[in-house]
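Please look over the sequence and the structure shown below, and keep them in view while you read the report that follows.

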Amino acid sequence: MSLETLLDELARAADPEKAAFLPRFFKTGPGEYGEGDVFLGVTVPEQRRIARRHKDLSLEQVGQLLRSEVHEHRFTGFIILVARFGRADEAGRGRLFEFCREHLSRLNNWDLVDTVAPPLIGAYLLEHPELKPLLYDWARSRVLWERRIAIMSTLAFIRAGDFTDTLKLAGMLLHDPHDLMHKAVGWMLREVGNRDRTVEETFLDRHAWEMPRTMLRYAIEKFSPARREHYLKIRSSRPVA
């Protein structure tokens with residue numbers, strides 16, 4: 001299998017109708033978060049099938065995919081990287097983590113971040129907690145996608161029963177201006193609550209009044225109607241600046 005074959009398979013799997021729809025879905029217009037992104041119109045399941053067939057591409061070839069301006073090229077390249085990380089030994093995982101860091105700027109839409117951050121970046125940081133300060137550097141970044149990488153990576157920690165960094169980062173990102181961050185933080189708080197509702201509610205008791213509405217709604221989505229109403233009332237009663 002070659003890179004040229006992979007690119008040809010993606011091109012042949014392209015759907016013009018999807019190619020016309022996806023730029024609107026991923027907000028690629030001027031001034032939008034995905035400005036300038038280019039789509040072929042290939043479904044995610046098809047990209048995953050193609051990635052499996054080309055799982056042994058060299059890292060140099062994967063790097064060419066990640067540097068492409070075409071969204072599906074980058075997505076397929078990152079799928080290959082994540083799959084390879086899952087099969088690698090300790091030394092290999094370290095090399096793949098560093099390779100991913102070198103191409104961090106290519107994680108430039110939410111689907112790319114959400115596909116890579118938990119199973120690769122978060123998984124490696126869980127194994128190497130001395131590197132966790134990277135999360136806080138990313139959370140302070142002016143780059144939206146680095147901030148999303150920070151909070152989404154902690155899904156790996158949540159699944160391991162460790163909520164500390166999720167809660168700290170959620171506190172840092174409470175006033176993030178972007179709706180995509182409101183959704184991501186609320187989602188991670190909900191994941192915490194799925195495992196320990198008391199921990200999530202302790203955070204909400206302290207911060208619900210200042211949380212953006214979308215963030216709070218994502219966080220309390222699995223609550224009973226009465227508990228949802230309770231936290232929405234706390235937010236609606238927050239002091240007016």
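## The second largest pocket

In this predicted model, helix 12, which spans residues 179-195, provides the largest share of the lining of the second largest pocket, namely 5 residues. The complete lining consists of F25, K27, Y33, W110, R148, H178, D179, L180, K183, A184, W187 and Y218. When these residues are sorted by class, the lining has 7 nonpolar, 1 polar and 4 charged residues, and the volume of this second largest pocket comes to about 210 Å³.

## Helix 12 and helix 9

Helix 12 also packs against helix 9, which covers residues 144-153, and the axes of the two helices lie 10 Å apart at an angle of about 5 degrees. Because angles under 35 degrees count as roughly parallel, helix 9 is described as roughly parallel to helix 12.

On the side of helix 9 the contact is made by L144, W145, R147, R148, I151 and M152, while helix 12 contributes L180, M181, A184, V185, W187 and M188. By class, the contact of helix 9 with helix 12 has 10 nonpolar residues, no polar residues and 2 charged residues.

## Helix 12 and helix 13

A further contact of helix 12 is with helix 13, residues 197-207, where the two axes come within 5 Å and cross at roughly 140 degrees.

The residues of the contact of helix 12 with helix 13 divide into 4 nonpolar, 1 polar and 4 charged.

## The largest pocket

How many residues line the largest pocket, and which of them lie nearest its centre? The lining is made of 17 residues, and those nearest the centre are F26, V44, Q47, F75 and D111. The elements that give two or more residues to this lining are helix 2 (16-25), helix 3 (44-53), helix 5 (71-87) and helix 7 (110-127), and helix 7 supplies the largest share, with 4 residues.

The largest pocket has a volume of about 250 Å³. By class, its lining has 8 nonpolar, 4 polar and 5 charged residues.

## Aromatic pairs

A pair of aromatic rings is described by the distance of the centres and the angle of the planes. The structure holds 9 aromatic pairs, and for F26 and F39 the ring centres are 5.2 Å apart and the planes stand at 15 degrees, so this pair is stacked.

F26 and F39 both belong to the loop between helix 2 and helix 3, and the pair links distant parts of the chain, with the two residues 13 residues apart. F26 is also one of the residues that lie nearest the centre of the largest pocket.

Technical notes
Residues numbered from 1 in each chain as written. Predicted model: local features only at pLDDT ≥ 70, side-chain atom pairs only at ≥ 80, totals over all residues. Heavy atoms only, no water. 1 Å grid on protein atoms, 1.4 Å probe; cavity = no way out; pocket = protein on both sides within 12 Å on 5 of 7 lines; lining within 4 Å. Points joined across faces, edges and corners; volume = space filled by probe spheres on them. Nonpolar A, V, L, I, M, F, W, Y, C, P; charged D, E, K, R; others polar. Axes fitted to C-alpha atoms, helices over the stretch in contact; angles between N-to-C directions. Phe/Tyr/Trp six-rings, centres within 6.5 Å; stacked < 30°, edge-to-face > 60°. Parallel < 35°, antiparallel > 145°, perpendicular 65-115°, else oblique. Contact = heavy atoms within 4.5 Å.
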